[in-house]
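This report looks at charged side-chain pairs. The sequence and structure come first.

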Amino acid sequence: MHGDYFNDYTAVLIASVAGVVLVLTAFVGSLLLSPRARSALKDIPYECGIEPVGDQWSQMHFRYYPFAILFLIFDVEAVFLFPWAVVFLSPFLTSAIFYEMLIFIGILGFGLLYSWKKGVLDWR
Amino acid sequence: MPVDRLATGCQPLGFWDGMGLWEQWGINFFPRLGDTMCRAMGGATPGGIPDWLIFAILGLAGAFAVVNVAMLGVPYVILLERKLLGRFQHRVGPNRVGFFGLLQPMADGIKLMTKEDITPRVADKLVFSLAPLVFVVPVLLMFAPLPWAPHAVLADLDVGILYIVAVTSAAEIGVFMGGWSSNNKFSLFGAMRVVALVVSYEIPLVLAIVGVVMLTGSLNLAAIVEGQRFVPNLLWQPLGFIVFMIAVSAELNRAPFDLLEADSELVSGFHTEYSGMKWGVIQIGEYAAIIGFSGIIATLFLSGWKGPAPMPGYLWFVLKMGMIISGFIWVRATIPRLRVDQIMNLGWKFLLPLALINIFVTAGEILAYPDGLPVWLIPVNFAFAAIVVAVAARLLGIQGQPRQVVPAPPVFETMASS
């Protein structure tokens, strides 16, 4: 045997293969059972029943972008928090880790307050 | 590590002896069946079938079982939602197909199978067809590390909860693939919105888990259930529970956060162009995610398969999941949809600070009482959570934009005065 690590992730692999097979079965089933009546009108993109106006590639507003950057910052913070949380009860560490993490989150929290004041968090 | 799991090799001899029937059922729905299969294949004797083959066969059976629990659960969650929504709106809900409408999901499935599957001419056909697959498979993977009963885990991952966070956010790639490849304005808008929404609520979701992890000292889901010895984590973590519930309903794109398919604005969001079984697969993914996330909430906050009365573990687990699913449906029937800016404010200015406060309050409590938290902290925690939520909501209310009062158009005034 290759140990539990191998076992458990093999089970995940098997489950993902089972999921793919299941979805593909549904697709093949609908391919076999469903009628096919193509027509040019049916194939145009839906736009509330009228002919599509203009290009389908509409431009997206800039406001999505700052949220993506903030997400990156805080998601990395969350990744740092997890190992800290796991060893928090460990008797080999002193309470200093609490204050260290307080400083770390404090700096990030200050960043959040700054972006709040700057109005980055407002959706407009 | 113990070998007595659902999907690993033979049990040691005498494993089942001396256990009550309830306890055996808690471990496996069919006690001794996997064990008997394993021995019949010669797993325990030298020179029999190699261990990896037994593992592959039993693993396949386990994966099949777990995927089917999701697949059979979905139609009945949909039926439950339609029934309950009907009751909330003073209707009966579906009651024509079969007794009490119980065959309605089968009829829906047959209908979806025999519907024409239309792909728009301008769509990117490969990405369009792959999107439902990419959307559904991560959702099904979410079920792998869920502990249904003691030792009844398909994959007992040591990074369990991190794995779940990683896998569930992968599903949004499928959403964006679908929205982008449809080549439709509404689909693209819906997909952009859902990415912004999920990205904003991912952070409170992950930070709310940190408090639970701190109480347990492990990321393993079975260990988290074992760690809730006398009371569920909900009592120690009321604030974390509130944040987690709100973030989960945003992550699931359920009402009141169902911006991606805001029917009155975008036709139905990223799956506007989908029809037939592809639409059905997307629907399966959405409802399987509800089942999976309610399982995670039950595991993290409601002590999973444990319960006060002697009942098999999976029954407790399914009962708690059902309660949480009904809660989601109740919220959908009650609260109207939020605007985009309100949703962003709620995520970044309300939930994120609350999640950070929760982490440090939990850390302080553990630091003050390293040998287990005292019972009187439970009411204190609840009072603290209520105060913090009230204060934060008040601050958010002041900070938000003032409500605009639109004067009635003159035609109504003349009608009223005449």
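Which residue forms a salt bridge with B:Lys278? B:Asp117 does, with the closest N and O atoms 3.4 Å apart. A salt bridge here is a side-chain nitrogen of Lys or Arg within 4 Å of a carboxyl oxygen of Asp or Glu. The model is predicted: local features need pLDDT of at least 70 and side-chain atom pairs pLDDT 80 or more, while totals for chains, interfaces and linings use all residues. Residues are numbered from 1 along each chain, chains are lettered from A, and side-chain values use heavy atoms, without hydrogens and water.

Over all chains, the search finds four salt bridges.

| Pair | Closest N to O distance |
|---|---|
| B:Arg254 and B:Glu81 | 3.0 Å |
| B:Lys278 and B:Asp117 | 3.4 Å |

B:Lys278 sits in helix H11 of chain B, and B:Asp117 in the loop between H4 and helix H5 (125-141), so the pair ties together parts 161 residues apart in sequence. Helices are DSSP runs (H or I, at least four residues), numbered from the N terminus. B:Lys278 is buried at 8% relative accessibility. B:Asp117 is partly exposed at 24%. Buried means under 20% relative accessible area, exposed over 50%, partly exposed in between (1.4 Å probe, protein chains only).

B:Arg254 and B:Glu81 are both buried. Together with B:Arg332, they are linked in a network of salt bridges.

B:Arg82 is partly exposed at 35% relative accessibility.

Terms used. Helices (H or I, at least four residues) and strands (E, at least two) are DSSP runs, numbered from the N terminus.
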